[in-house]
Amino acid sequence: MTTKPNHIQPALLQELSDSFRLHGLISPELYARYRIKRGLRNADGTGVLVGATRLGNVHGYLLNEGEREPIEGRLTYRGYNVYDLIRGLEREDRFGFEEVGYLLMCGALPDRRQLTAFQQMIGQERALPNNFTEDMIMRAPSRDIMNKLAGATLALYSYDDDPDTTTVENILRQGISLMAKFPVIISHAYQAKRRYFDGASMFLHVPDPTRSTAENILHLVRPDGQYTDDEAKLLDRCLILHAEHGGGNNSSFTVRVTSSSGTDTYSAIAAAVSSLKGPRHGGANLRVVRQFDEIQANVADWTDEDEVAAYLRKILDGVAGDGSGLIYGMGHAIYTLSDPRAVALKRAARPLAERKGLAAEMDLLELVERLTPGLLRERKGIDQPMCANVDMYSGFVYQMLGLPRSLYTPLFATARIVGWIAHRLEEVATGGKILRPAYKPLSKTAPYLDLDER
Ligand code: COA
């Protein structure tokens with residue numbers, strides 16, 4: 001693959017950038033003066049209420065006399081606690097991501113007949129259109145699978161005979177098809193990346209319509225296509241835990257915003273994929289694993305609390321890590337005492353870590369989780385409770401499953417597609433108004449000057 005020569009001269013680019021910095025920046029003081037809800041947050045950190053949903057409920061604190069009272073986190077999908085959903089699946093030793101997709105998109109848990117029909121429909125929809133992998137993925141492979149996923153999602157518009165109709169039936173049809181195809185797109189995009197950027201061989205396995213989403217992912221990604229039932233069930237639980245997180249998270253809100261304009265499903269979902277890529281959202285799982293590489297490389301004794309704490313202090317002070325002062329995998333906008341997704345993943349990860357000889361790595365993650373709140377108090381005076389979030393353990397689980405890093409965030413998208421479609425349906429069927437908040441205009445009117453007068 002060839003890339004085009006860059007015609008943008010550095011000196012000119014610097015001049016353009018300086019111009020933006022001189023004229024384009026807005027002082028934080030103006031946000032306070034105009035009482036702007038920065039980040040769509042209220043002054044107490046809670047989100048501005050902009051909609052209603054029957055989907056995910058992210059419960060992380062109680063409001064008592066206007067003060068946040070920390071509680072253990074709880075996540076429900078249409079009223080069902082995710083712990084109960086997973087426990088039920090464990091009892092019956094079944095895969096459950098498809099069932100959770102049905103619950104979120106169609107409104108209720110399926111009975112046996114409905115579930116079988118839904119699973120068959122997904123199986124039939126897995127295959128990509130003829131030559132799609134060759135034309136849309138291999139012809140222009142990307143280093144970043146999220147960018148390829150967003151592009152491929154937009155491209156699927158061209159293969160749909162009825163792409164723009166926004167009835168419930170049509171959105172559901174498109175949503176089921178995207179849910180079925182995302183595992184294939186990310187796997188083929190990963191294989192193309194291996195071939196073109198990593199100098200490795202490419203394995204384009206064919207999806208199996210009779211297998212679950214989790215099984216297909218392992219089958220498509222691994223060169224030999226093989227996996228154990230335990231591995232596939234663990235991945236299935238990961239997908240369930242990432243399937244939905246309320247309407248206010250950045251990518252679901254993106255779906256709400258774009259869907260409210262009446263745009264098509266492919267455009268709305270491509271926008272959500274683009275949002276999820278960001279390191280402050282789904283992309284955080286990559287930052288966590290990179291940060292742990294660094295801690296492991298720089299701390300000689302991973303069991304020495306003082307040595308680990310000393311390195312974490314450096315990260316908080318911005319002299320180690322990526323300079324942001326953040327310990328990735330810690331903290332959450334809503335959860336206080338615990339993030340139920342992190343709790344569930346941690347529980348599922350331990351036995352596998354023992355089996356794979358990675359117990360010391362897992363102990364280190366847990367030590368960072370334990371030390372961080374005290375260090376934040378010491379370094380930044382932050383006294384509020386702080387828990388590990390889902391990203392603390394998701395990357396570790398994927399690593400134990402032998403899944404490549406470039407797929408960590410795409411796997412999140414492959415799970416969250418069902419939540420996105422459910423939010424799109426809710427917005428289109430019941431929102432009824434284009435989302436259109438206000439921005440305070442700050443520029444003074446200026447007389448236009450002819451070119452020679454400037
Ligand atoms: N490391 C260092 N400082 C942290 C922190 C962390 N992991 N999490 C929060 N803080 C700091 C914030 O910077 C803020 O400090 P400031 O007031 O000096 O700016 C303070 O603690 C209060 O933060 P809070 O209001 O509770 O969090 P938030 O809602 O603004 O942000 C996150 C929530 C998730 C964005 C934040 O915790 C974070 O950046 N975590 C690390 C990235 C991550 O793991 N993201 C995945 C989320 S699922």
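Axes here are lines fitted to C-alpha atoms, for helices over the stretch in contact, and angles run from 0 to 180 degrees between N-to-C directions. The model is predicted.

**Exercise 1.** Describe the packing of helix H15 against helix H17.

Solution.
1. Two packed helices are described by the angle between their axes and the distance between the axes.
2. For H15 (residues 340–355) and H17 (residues 390–400), the axes come within 9 Å and cross at roughly 30°.
3. Angles under 35 degrees count as roughly parallel, so H15 is roughly parallel to H17.
4. The crossing of H15 and H17 is left-handed.
5. On the H15 side, the contact is made by Arg341, Ala342, Leu345, Lys346, Ala349, Leu352 and Ala353. H17 contributes Val390, Tyr393, Ser394, Phe396, Val397 and Met400.
6. Sorted by type, the residues of this contact are ten nonpolar, one polar and two charged.

**Exercise 2.** Determine how many disulfides the structure holds, and examine Cys238.

Solution.
1. A disulfide needs a pair of cysteine sulfur atoms within 2.5 Å.
2. The closest cysteine sulfur to that of Cys238 belongs to Cys387, 18 Å away, which is too far for a bond.
3. The count of disulfides in the structure is zero.
4. Cys238 has 0% relative accessibility and counts as buried. Cys106, with a relative accessible area of 37%, is partly exposed.

**Exercise 3.** Locate Tyr439 and decide whether it is buried or exposed.

Solution.
1. Tyr439 lies in the segment after helix H18 (408–431).
2. Its relative accessible area is 75%. Exposed means over 50%, so Tyr439 is exposed.
3. From Tyr439 to Leu89, the separation is 350 residues in sequence and 47 Å in space, C-alpha to C-alpha.

Technical notes: Residues are numbered from 1 along each chain as its sequence is written. This is a predicted model: local features need pLDDT of at least 70, side-chain atom pairs count only at pLDDT 80 or more; totals for chains, interfaces and linings use all residues. Side-chain values use heavy atoms; hydrogens and water are left out. Helices (H or I, at least four residues) and strands (E, at least two) are DSSP runs, numbered from the N terminus. Angles under 35 degrees count as roughly parallel, over 145 as roughly antiparallel, 65 to 115 as roughly perpendicular and the rest as oblique. A crossing is left-handed if the near helix is turned anticlockwise from the far one by less than a right angle, and right-handed if clockwise. Contact means heavy atoms within 4.5 Å. Ala, Val, Leu, Ile, Met, Phe, Trp, Tyr, Cys and Pro count as nonpolar, Asp, Glu, Lys and Arg as charged, and the others, Gly among them, as polar. Buried means under 20% relative accessible area, exposed over 50%, partly exposed in between (1.4 Å probe, protein chains only).
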